[in-house]
Amino acid sequence: MTDPQPQSAPVAFWAPRRLRLIRADPPRVPPEHQRAADRIWGEMARANPTGLFDGPAVACTSLDWDDPHHVVLSWAPVTYRHYALRRVPGASALSSLFVAVLQPADDGRLLVGRMSSWTAAPGRWQLPGGSAEPPADHERLDEAALRRHAARELAEETGVDTAPHELRLWAVTRGRRGSTGVYFRAPARPASVLAERFMAAVAAETALGREPEFAETALGREPEFAETALVRSPADLGTLPGSHADYLEIVLRRYAHRPDDSPERA
């Protein structure tokens, strides 16, 4: 599940060399705010029962720097219901935390996908990725765990299998609502291979009797993207029908400036 973001939101951008994560306790929510959030969540879930579920999630409580090149993210375990607080007057919600993958084609363009109709952000174009997940008991949430999660999201959404150690930390962003993104860059692949892998993933789901726009079931995975495209610059976003994630413009601008290296830190 991916947290919806307004297309026009300004985005802060950093390019750290290392990421450190520290667990924190979620803040106490006043009972009246929680009751209002529960009511709003119920309305949202009834309107989109397939795309919204109150599963475990990771919220970002703060973003700091160890030094000019090392970012420290504090995080707390929540459920998706927590973000309904954003719609409660006077209440505050923590920043959601997500991972995303820059998957280049061999011609320098980046792979983006359009979210299916059943998702929390139907029709929106974004990079492969998704909300971070809390670690299992006795495991740590660290950069390596986020890298593994990013590799899994890339495979599930696009059919492109990449080993986690091949993903390189590329950037961190924060949008207007505070949603914090951690970006990894994957090795370049031929554009034809990217198209073939996505079509193979869709065909596999169809063969199992699940149309691509249906949600994931307990019996297997299912791509969240209805279609994919390759883009090179912010100008290319204007050729895509519908909205796009708030971070895409600045990510494409930075990537176009230095496609073969880490972007300069803002």
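**Burial, cores and sheets**

Student: How much of the protein chain counts as buried?
Tutor: Keep in mind that this is a predicted model. The cut-off for buried is under 20% relative accessible area. The protein chain has 266 residues, and the share of them that count as buried is 51%.

Student: How many helices and strands does the protein chain have?
Tutor: Both kinds of element occur in the protein chain. The tally is 4 helices and 11 strands.

Student: What share of the contacts with a separation of 6 or more is between residues 24 or more positions apart?
Tutor: Take the contacts in the protein chain with a separation of 6 or more. Those between residues 24 or more positions apart make up 71%.

Student: Which element gives the most residues to the largest nonpolar core?
Tutor: That core has 28 residues, and among those touching the most other members are Leu19, Leu73 and Phe184. Elements that each supply at least two residues include strand S2 (18-23), strand S5 (95-102), helix H2 (143-158) and strand S10 (180-185). With 5 residues, the one that gives the most is H2.

Student: Which residues does Leu146 contact, leaving aside neighbours within four places in sequence?
Tutor: Leu146 is among the core residues that touch the most other members. With those neighbours set aside, its contacts are Leu19, Leu21, Val99, Ala132, Leu141, Val182 and Phe184.

Student: How many residues are in the second, separate core?
Tutor: Its members include Val112, Trp170, Ala171 and Leu248. The count for this second core is 24 residues.

Student: Why is S10 largely enclosed by the rest of the structure?
Tutor: In a regular strand the side chains alternate between the two faces of the sheet. On one side of S10, Thr180, Val182 and Phe184 are buried; on the other, Gly181, Tyr183 and Arg185 are buried. S10 is largely enclosed because the buried count is 6 of the 6 residues.

Student: Which residue of S10 is the bridge partner of Ala100?
Tutor: S5 and S10 run parallel, joined by 6 bridges. S9 also pairs with S10, in the antiparallel sense, over 6 bridges. The S10 partner of Ala100 is Tyr183.

Student: Which residue in the turn between S9 and S10 has a positive phi?
Tutor: S9 and S10 form a hairpin with 5 residues between them. A phi of about 90° belongs to Gly178.

Student: Is His82 buried or exposed?
Tutor: His82 lies in the loop between S4 and S5. Apart from residues up to four places away in sequence, His82 touches Ala93 and Leu94. Its relative accessibility is 11%, so His82 counts as buried.

How values were computed: Residues numbered from 1 in each chain as written. Predicted model: local features only at pLDDT ≥ 70, side-chain atom pairs only at ≥ 80, totals over all residues. Heavy atoms only, no water. Core = buried A, V, L, I, M, F, W, Y, C linked by side-chain atoms within 4.5 Å. Buried < 20%, exposed > 50% of the residue type's maximum accessible area, 1.4 Å probe, protein only. Contact = heavy atoms within 4.5 Å. Pairing = 2+ DSSP bridges.
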